[in-house]
Amino acid sequence: MGKKVKEDKKPPPDDVFDTLAVESRQAGTVVLMLSSPEEDVQSKACEAIYKFVDKCDENKKQLLDLGAGEALLKLMQSEDRIVRRNACMAMGVMTAHPEVRKFLRKREESVPAFIQLLAPEEDTVVHEFSALGLSNMATEFSSKASIFESGGVDALVKCLSSSDPDVQKNSVEALAQLLLDYQSRAAIRDADGLNPLLELLKSEFAIIQKLSLLALDRASQDSENRSALRELEAMSKLIDFVAHPEWNDLHVMAVMVLSNLLEDIESLELIKETGGLKRLVALITDQVPPEEEPKAGTGKGEKKAGSRAAKKSAKGSKSGKKDESEKEEPPPGEAIIPTLPDVKMCAAKAIARSAKSAENRKILHEQEAEKMLIHLLSHESNDVQTAAAQALGVMSENLLSKDSIREWEGLQPLIKLCNSDNGDVKEAATLALANLTAGNSTNCQEVSNLNGVETLIHLLADSRDEAVANTCCVLTNMATEEGLRSEAQGKGVVTALLEPLKSQNTRVQAKSSLAVAAFVCDADSRSDFRNAGGIENLVMLLHSGNDEVRRNAAWALAVCAVDEPTAIEICKLGGMDLLQEIQVSGTRKNPFAEVALERLLDANLSAKYSLTGQLSSTNLIEDGFYDAGQIRPNTKFMSIEDYCKQELNDKRPILFIVAKADPVATQSASNPELEAKDNSKTNVSGKSSRTGREGKGPTSPGRRRASMIPDDDRKSKQKEKEEKQKEEELQAQLQKEAEALANSENQPFNPPTDSNLVKYIEEVTERILQLATATEQVKALAQFVADKMGGCIEKGQLPNFSWELPLSQVKFELKSNVVPIGKIKAGIHIHRALLFKALADRIAVPCTLTRGEYNRAWNEVMLPETPEQPGAQKFPPRCFIVDLIHQPGRLMRSDSPEAVTYKKL
C-alpha cells in the first residue's frame, strides 16, 4: 500500500467572511441584495428578480415600489457582463408596466443605457431584452423623441441583421413604433434600414413578417422613402410575397404597403414596365399571372387546366377539353389558390387611392385596372363589392375609363348592386354610376337600356342618405337627354323626388333639388309636381342654413316659376318673401335666388310692378293684373282675392285690369221680360206661408169652433203660437245665414268685371290697330287714353284737377277697395299710364310702364326719330316718353328736360 498523503486544507483568511448560503422568499430582501458589492450576489439577485417580474404585472409594480428601478438601472451599466445581462433582462421585462415606463421617462440615463446595451460586443440576450425595453418605451411620444435623439434608430437597424429571431422581432417592433413619428422615417432611410426590413419578409416567423410589413407601411408614407424603396425593388418583392399562398394572412398588410407606393406616378410607371401591375391584378382576381401562362399553342383551351382562368376562359368548349384536363395535373404550387376577401378589398382600395391623381388614372387605364375592379364586383363579400365600386367611381373620372367600363360590361353589375341589402354597397354603386354618367350620354343611355331607371327611382325612397343623394345625381345626369328625361317622367320620377326633399340630410336636399330642376322643365311635369305638394317642400328649403341647399332650391323654384299657376302657388306659400329676404341678406345672397325672384316676378307682373315699379316691354299685362301701389321689400304681397275681402277704407284703391263684361248686366239687357218675370216670381215666393194662410177665404169649421172659445184663452194661445212661430223663423233665418256663409266660402272667387275696358279694347282694335306706323299708333292711343281719363290738363293746373272725389265715389258704389280701370273717368299719371300699357299690349305696341314718386308714372316706347321713308337711310330707334297729361300724343326723348319734368312733381 502506498503512503497516504494528507490533504492540505488552508483555512480562509481571518478578514474574509465565511461563505453564507441565504434562502429568501421576500422581494424586499432580494432588492437589498442588489446593493451588495459582490458581483455574484448582484447577478443572482437580478436573475431572481427577472424570474419574479416575468410572472405577472403586479410583481413589476411591487418591485418598482420597493426601489428596484434605481438599482437595476445602475447595474445595467455594470462592468460585469453577467450582471449587465441579468439586470437588462429584469428591466426589459419590467418596462411592460406603464408605471415602470413612467419612472424611466423621468430618468435621463434610462434610454441611453438601453441603447448602449445594443452595441455589437454585447451578448445576444442583452440585445434581445434591450430592444424589448426600447419597444415598450417607444409607445409614448416623449420616449420616442428621447430614443431618436440618442441615436436609437441606428442601433436598432443594426440589430435587424441579427441571427437571433427574438432580437429581430423586438428590434423591428421598436422601429415600427418609432416610425409613427415623421423624424424617424427620415432617420431609418439615412441608416439604410429599409433594405433589412424588406429582407425580414423572408423570415420563417410570421410575427417578424407582420412587424416588418407594419414598419414598411409606416415608412412608405414618406415620399423619399418611397423613392428609396423603388430603388430596392420593393414592389416586386411585395408582389412576390402576395404570390405565396401560405402567407395569405399577411397579404392585406403587403397590399397596404403597395397602396402607399402606388401613390407616386414613378411607382406606377415602374410597375407597368416590369409587368408587376398585371401580375398583381391576376393574383387579386385569382387568375394565372401573365408570365406563368403556357407559351405552347394559341388557343384558349390549351391553358393549364389547374388554373381558374383556364376554366373561366373555356366557355362553351368544356366538352372536348375535359379529358385533357383530367390527364394533365398541374405541377405543385402552380394551382391558383384564391386570395382572401380582405386582400381583394385592400387591393381595390389601393387602386382607388392611386387613381386620385389624373396621371395615375391614365396609367391604370392603360393597364386595364378596370377589368379587375369589374371582376371584383361579382365577389360574394360586401366589403369587396364596396371597395371595387368605390375604385370604379374614382377611375371613372378619366374620360376613357368611362367608355372602357361600359364596353367591359361594368354598368350591369353596378345597377345590380343598387338592389343590395347592404347600405355601403348601394352607396358605392350609386356613386360609381353618378361619376360614370356625368357628361357621358352613351353611359346614360346604357343605364336606361339595362332597366336602370326603375331601380334608381326605387332607390329614392331608400333609408341610406348618401345612396339617395348619389341616385339624384345619376338621374340629374340622365335628364340632360330628352328621351331619357321623358322616360323617367313617365315612370313617376317627379313625384318620387318629393320624398328626398323632405330629408334632414343637407346633401340629399341639395341633390334632390337639383334633380327637380332637371325634370320639371315642361308644363305637365310642373303641374304634377305642384299638385303633389312639391312646391311647399322647395320653399321650405329656402330656410336652410346650407348655402348649396338654398342655391339649388332657388334654382328649382326658378325653373318652376316659368308658368303662372306655379308662380302663384310659390307666392301663396311665401316663396317670394323668402327670396326677397335672401337677396337683402349680405351672407345668404346668391345669383340663383336673384334669377328665381326675377322669373317669379315675370310670371306675377302684379307683384313685380309693386316691388320694382317697372314693367318692361316684354311684360305683357293680361286679365287679372292689379296695381297695389309701391310696397316695401319686407312687406307681404297680397292677392287680389285678399284685397277684395278687405273692408272699405280710405287708402288708395287697387287698380284692376280685367277685360270681362258683367254677365248680369248683359243678361238683363238682352232679356228684360225674363228678368221681370223672375222678379215677380221672387216677390211671390218671398212671402211667407203664414201670410198666405192669413188671407181671406171661407171660414172652416175649425174657425167657427175657435170663435166660440173665450177671448182670454184665445188670446193666450194665440200669443204662444206667435212666439213659437217667431222662434222657428229665427232658427230658420240663422240656418239660412250659415248655409249662405258656407256656400260663399266653398264657391270659387269671382273677380270684379269691367265692361268699359272691353269696349275700350274693341275701339282701340278697330280704330288704332289699323294705323300704318307705330308712331301714329302711339299718338292715337295716347289721345284715346287721355279722352277716357278726363282729357288733357294744362301745365300748372294738375293740382286743381279733380280726380280723388270721383274715384272715392266709384269705391263707394262698388263697396270695394278694388276698382276696375275702366270705371275711372278722371285719372292722372298712374291711372293713364296703366291704361295705356294695358291697351298697348292688346294691340302689340311695345312699351314699358315705370312708377315714379308722388303718383307719377310714365310709358316709354322705342320709335325711329324721323319718319321712315322708302330707300332712306335707317337709324336705330330711340327711347321716347309718351305724354298722356298735357299734350296727349306728344313724344319726348327720354333724356330731354321736358321728359325729366314730366316724370317729377
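This is a working chat about a predicted model of one protein chain.

Biologist: What do the numbering and the values rest on?
Modeller: Residues are numbered from 1 along each chain as its sequence is written, and side-chain values use heavy atoms, with hydrogens and water left out. The model is predicted: local features need pLDDT of at least 70, side-chain atom pairs count only at pLDDT 80 or more, and totals for chains, interfaces and linings use all residues.

Biologist: How many helices and strands does the chain have?
Modeller: There are 53 helices and nine strands. Both are DSSP runs, numbered from the N terminus: helices are H or I with at least four residues, strands are E with at least two.

Biologist: What is the average pLDDT?
Modeller: The average is 82, and 83% of the residues score at least 70. pLDDT is the predictor's confidence in each residue, from 0 to 100. Over residues 291-336 the pLDDT is below 50, and that stretch has 34 contacts in the model beyond near neighbours in sequence. A contact means heavy atoms within 4.5 Å. Residues 672-709 also have pLDDT below 50, with nine such contacts.

Biologist: What percentage of the chain is buried?
Modeller: Of the 905 residues, 46% count as buried. Buried means under 20% relative accessible area, exposed means over 50%, and partly exposed is in between, with a 1.4 Å probe and protein chains only.

Biologist: Which residues have the most contacts inside the largest nonpolar core?
Modeller: L72 and F529, in a core of 201 residues. A nonpolar core is a set of buried Ala, Val, Leu, Ile, Met, Phe, Trp, Tyr and Cys residues joined through side-chain atoms within 4.5 Å. Leaving out residues up to four places away in sequence, L72 touches L34, C46, I49, A87, A90, M91 and M94. Apart from this core lies another, of 53 residues, including L605 and F880.

Biologist: Which residue caps the N-terminal end of α36?
Modeller: D522 does, with a side-chain oxygen 3.3 Å from the backbone nitrogen of D524. Just after α36, G533 takes a positive phi of about 85°.

Biologist: Which residues other than glycine have positive phi?
Modeller: Among them are E409, at about 60°, and A844, near 65°. E409 sits in the loop between α26 (399-407) and α27 (411-417). A844 is in the loop between α52 (829-842) and β5 (849-851).

Biologist: Are E409 and A844 buried or exposed?
Modeller: E409 counts as exposed because its relative accessibility is 61%. A844 is exposed too, at 63%.

Biologist: New topic, R101. Buried or exposed?
Modeller: R101 counts as buried because its relative accessibility is 13%. R101 belongs to helix α6, residues 98-105.

Biologist: What does its side chain reach?
Modeller: The side chain of R101 reaches the backbone oxygen of A96 at 3.1 Å. Not counting residues up to four places away in sequence, R101 touches T95, A96, N136, M137, T139 and E140.

Technical notes
A polar contact is a pair of N or O atoms within 3.5 Å; within protein, one must be able to donate a hydrogen and the other to accept it, and residues adjacent in sequence count only if both atoms are side-chain atoms.
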